[in-house]
Amino acid sequence: MGRTNTVLLVLVLVFAALLTKETLAAQHVVGGSQGWEQSTDLNSWASGQKFKAGDQLVFKYTSGLHSVVELPNESAYKGCDTGSALDSKSSGSDVVKLTKAGTRYFACGTSGHCDQGMKMKITTVDGNAPSSPSSSSSDASPPASTSAAASSSFLHSAPSLFVIAALSATLLLSVF
Ligand SMILES: *[C@@H]1O[C@H](CO)[C@@H](O)[C@H](O)[C@H]1NC(C)=O
Ligand SMILES: [Cu+2]
C-alpha cells in the first residue's frame, strides 16, 4: 500500500510538471478559427497575439491546397521568394516551435498564394520579458518579487492546477 501510494504520488507530480509546462508554452492556431487560408487576415490575427519563446504555431489548412514555407528574411518575405525557403511543411496540421526571440517569416508555397497575401510575419519576444498588462484582474496577488510575466503565467496555469487537483483526488480515491 505504501509503495503504491509512492508510485501514485510520483505519477501525480510528473503529470503536474507536464501540464504546467504545456500550459506555460502557449499554442497559437494561426488565423484562429479561420486557419491558414487565403481569406484570413493573417497579419491582423498575428498583431493580436503575444508570441513568447517556447510557444508554438499550429498551421491548420486543407492539405494539398496550401503549405507552409518559412522564408529566410524580410526581402524574401516581401518578394514572396518561396524558392529560398528554409523549411516546408504540408501535412495540413503543422506545428512550428518559436524557440527564441526574433522575427520569422511564413508564406504559403502554393503558386500565387503568397503574392495574394497568404503570408505572415511573426515576432517572438523572450519568454521572461514583461508582458503588456492585458488583464485587470485583482483576484491574484503575486508576491512582490514576481514580474508581470510571472503573474500572467500563473493565471494561465490556473486551469491546469485545477486539472491536477482533480486528477490527484481521483487517483487517491481509487487507492482507498
Ligand atoms: C535573404 O535570403 C536570400 C535567400 O537565402 C539571400 O539570397 C539574400 O541575400 C538575403 N537577403 C538579405 C538582405 O539578407
Ligand atoms: Cu495557399
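What geometry does the site of the copper ion (ligand 2) have, judged by the angles among its 4 donor atoms? I started there. The model is predicted. I looked up the angles and found 91 to 126° among the donor atoms, and the site is tetrahedral. The cut-off matters here: four donors count as tetrahedral if all angles lie between 85 and 135 degrees. For reference, I noted that the ideal angle for four tetrahedral donors is 109.5 degrees.

**Donors**

Next I listed the protein donors of the copper ion. They are H66 through ND1, C108 through SG, H113 through ND1 and M118 through SD. Their distances from the ion run from 2.0 to 2.7 Å. I then wrote down the sequence spacing of these donor residues, H-x41-C-x4-H-x4-M. C108 and M118 are 10 residues apart, and both sit in the loop between β7 (102–107) and β8 (119–125).

Are C108 and M118 buried or exposed? I checked each one. C108 has 1% relative accessibility, so C108 counts as buried. M118 also comes out buried, with a relative accessible area of 1%. The cut-off I applied for buried is under 20% relative accessible area.

**Sheet**

I turned to the strands that flank the loop. β7 and β8 run antiparallel and are joined by 6 bridges. In that pairing I found A107 opposite K119 in β8.

I followed β4 (residues 68–71) to its partners. On one pairing, 3 bridges join β4 to β5, and the two run antiparallel. There V68 stands opposite K89 in β5. β4 and β7 are also antiparallel, again with 3 bridges. In this pair L71 faces Y105 of β7.

**Whole protein**

The protein has 4 helices and 8 strands. Along the sequence I read the pattern α-β-α-β-β-β-α-β-β-β-β-α. Of the 176 residues, 30% are buried.

I also looked up contact range. Taking contacts between residues at least 6 apart in sequence, 68% join residues at least 24 apart.

Terms used:
Residues are numbered from 1 along each chain as its sequence is written. Chains are lettered from A and ligands numbered from 1 in the order in which they are written. This is a predicted model: local features need pLDDT of at least 70, side-chain atom pairs count only at pLDDT 80 or more; totals for chains, interfaces and linings use all residues. Side-chain values use heavy atoms; hydrogens and water are left out. Donors are N, O and S atoms within 2.8 Å of the metal (3.2 Å for Na, K and Ca); water is not among the atoms, so sites may look incomplete. Four donors count as tetrahedral if all angles lie between 85 and 135 degrees; four count as square planar and six as octahedral if opposite donors are over 155 degrees apart and all others between 65 and 115; anything else is irregular. Buried means under 20% relative accessible area, exposed over 50%, partly exposed in between (1.4 Å probe, protein chains only). Two strands pair if DSSP finds at least two bridges between them. Contact means heavy atoms within 4.5 Å.
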